[in-house]
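Biologist: I would like to go through this model one question at a time. Please give the cut-off for each term when it first comes up.

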Amino acid sequence: MTRSARRAAMLVVALGGAAVVLKMPWPSLPAHTPAARLGLERWHASDTLGRGESLAALLGRRGLTEIDAAAAIQSLGGLIDDRRIPAGMQVEVHGDSASQRATDVVLRLSPDKVLRLRRQGDQWTATEETIPWVTDTVLVRGVVHSTLYDALDAGGAEYLSKGARTELAWELADIYEYRVDMSRDLQDGDSVRVVFERSTNPANTNRIGRILVAGLERGGREVQAVRFVHADGKAEYFDASGKSLRDSFLRAPLSFRRISSVFGRRFHPVLGIWRSHKGTDYAANAGTPVRAIGDGVVIFAGRKGGYGNCLEIRHRNGYVSRYGHLRGFASGIRDGHAVSQGETVAYVGSTGLATGPHLHFELLVNGVQRDPRYALRQSAGVALTGAERRQFDEIGRVALVALDHASGPLRTAAPSAPAAPVH
Ligand SMILES: [Zn+2]
């Protein structure tokens, strides 16, 4: 069965108003297959508009009379200019077998939008229809061999389109950004499991909706993230013991989704020739926003030897974060300026002793460079209390059970608008 035939099958089902997408591909019937032989009262055929081919020619090829084809095209009216329909557009013709005559022509404008031309008597009318996305809940598991992307590529290929797998990795990195630097802290054998809402359109493109619960296992220890919505409607993630994943420091000065040039791979420890290297290097495109890892006050913003353009922020408890090789600073960044966690403070560059664009990051504790992986190791965030705590315990119990399922869809919901990404 061809891909287009499968799409056509899903289209037919979705247009019929059914809430489920058939697992069994719908057979694509050749035009004018005798109904008696198939035992069907309706027939349909799908076709693709060829390069330079007119819609009239395609409809003629699919059995419409010249008069029907002309009337069908005329019904398009202002909805679409039939001379500007792009080659490659999928067109379906449906008919009833008794008369052998076409009753419907469906033009697929985009994965979730079609134009339906319907005949009643000799009159054709056109309407635009939006095919709903279908949202279900899916569990994906992955084992890390090199990166988070690879883990989800291997574990999620069956359930998610490529772009959606990348989006899922980004969303996960965001959830754990106070605990784990996904670009550096993962090791071979670490694993991830995640339950999330998946929206699927008739062309089998997926979008990631809310992540409901996740588990990230590193070195044999798993930290769970359970989504909880506060009374004010704000969502936040908590570990299994009801403590927030948020904390006073982000684990990385660049958002995982912004580290594009090397796409989250482990970085060469030293890109430039810079002796007594005491920091962490992040390869990223010039201009990538650099964020403050925590609330603090700028104590230095200017040139500093091999660091090039350098920014230093003083945080509480004797912590200072230092960002080097910067192309420049965000507006307003100067000595004495207060910054908040996650705020864009500068941009990646290659000033100073750097062979290419990257961010040099240092964490100093009481004036001494320390490895952020250990120095920023979180104790635990703020815990839920009272009624919220009781509510969370209920949600957490269900969520952790879901996490133990086998990979695949857990539950199917009604068609809906695509779930909006949650940040
Ligand atoms: Zn460096």
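Biologist: Are Arg62 and Asp47 buried or exposed?

Modeller: This is a predicted model, in which local features need pLDDT of at least 70 and side-chain atom pairs count only at pLDDT 80 or more, while totals for chains, interfaces and linings use all residues. Residues are numbered from 1 along each chain as its sequence is written, and side-chain values use heavy atoms, with hydrogens and water left out. Buried means under 20% relative accessible area, exposed over 50%, and partly exposed in between (1.4 Å probe, protein chains only). On that scale Arg62 and Asp47 are both buried.

Biologist: How many residues apart in sequence are the parts that Arg62 and Asp47 tie together?

Modeller: A salt bridge is a side-chain nitrogen of Lys or Arg within 4 Å of a carboxyl oxygen of Asp or Glu, and helices (H or I, at least four residues) and strands (E, at least two) are DSSP runs numbered from the N terminus. The side chains of Arg62 and Asp47 form such a bridge, with N and O 2.9 Å apart. Arg62 is in the loop between helix H3 (55–61) and H4, and Asp47 is in strand E1, so the parts they tie together are separated in sequence by 15 residues.

Biologist: How many residues separate Arg251 from Asp185?

Modeller: Both Arg251 and Asp185 are buried. They form a salt bridge whose closest N and O atoms are 3.4 Å apart. Arg251 sits in the loop between strand E10 (235–238) and strand E11 (280–283), and Asp185 in the loop between helix H6 (162–175) and strand E7 (191–200), a separation of 66 residues.

Biologist: Which strands does the salt bridge of Arg193 and Glu222 tie together?

Modeller: The side chains of Arg193 and Glu222 meet at 2.9 Å, N to O. The two lie 29 residues apart in sequence, so the pair ties together parts of the chain, namely strands E7 and E9 (residues 221–229).

Biologist: How many salt bridges does the model have by this rule?

Modeller: Side chains of opposite charge can pair when their charged atoms come close. Applied to this model, the distance rule gives a count of salt bridges of 27.

Biologist: Which residue in E3 is the bridge partner of Gly95?

Modeller: Strand E2 (residues 90–96) pairs with strand E3 (residues 102–110) in the antiparallel sense over five bridges. In E3, Gly95 has as its bridge partner Ala102.

Biologist: What arc do the buried residues of H8 fall within?

Modeller: Helix H8 (residues 386–403) has 18 residues and reaches 26 Å from its first C-alpha to its last, close to the expected 26 Å, where the expected span is 1.5 Å times one less than the number of residues. The arc is that of the directions from the helix axis to the C-beta atoms. The buried residues of H8 are Phe392, Gly396, Ala399, Ala402 and Leu403. They line one face of the helix, because seen down its axis they fall within an arc of 110°.

Biologist: Which exposed residues does the opposite face of H8 carry, turned away from its buried side?

Modeller: An α-helix has 3.6 residues a turn, so residues three or four places apart point the same way. The face of H8 turned away from the buried side carries the exposed residues Ala387, Arg390, Arg397, Val398 and Val401.

Biologist: What do the buried residues of H5 pack against?

Modeller: In helix H5 (residues 148–156) the buried residues are Leu148, Tyr149, Ala151, Leu152, Gly155 and Gly156. Seen down the axis they fall within an arc of 160°, so they line one face. With contact meaning heavy atoms within 4.5 Å, they pack against strand E6 (133–143), H6 and E7.

Biologist: How many of the eight residues of strand E19 are buried?

Modeller: His358, His360, Glu362 and Leu364 point one way from E19 and are buried. Leu359, Phe361, Leu363 and Val365 point the other way and are buried too. For strand E19 (residues 358–365) the number of buried residues is eight.

Biologist: Which residue in the turn between E19 and E20 has a positive phi?

Modeller: E19 pairs with strand E20 (residues 368–370) in the antiparallel sense over three bridges, and Leu364 stands opposite Gln369 in E20. The two strands form a hairpin with two residues between them, and the turn residue with a positive phi of about 50° is Asn366.

Conventions. Pairing = 2+ DSSP bridges.
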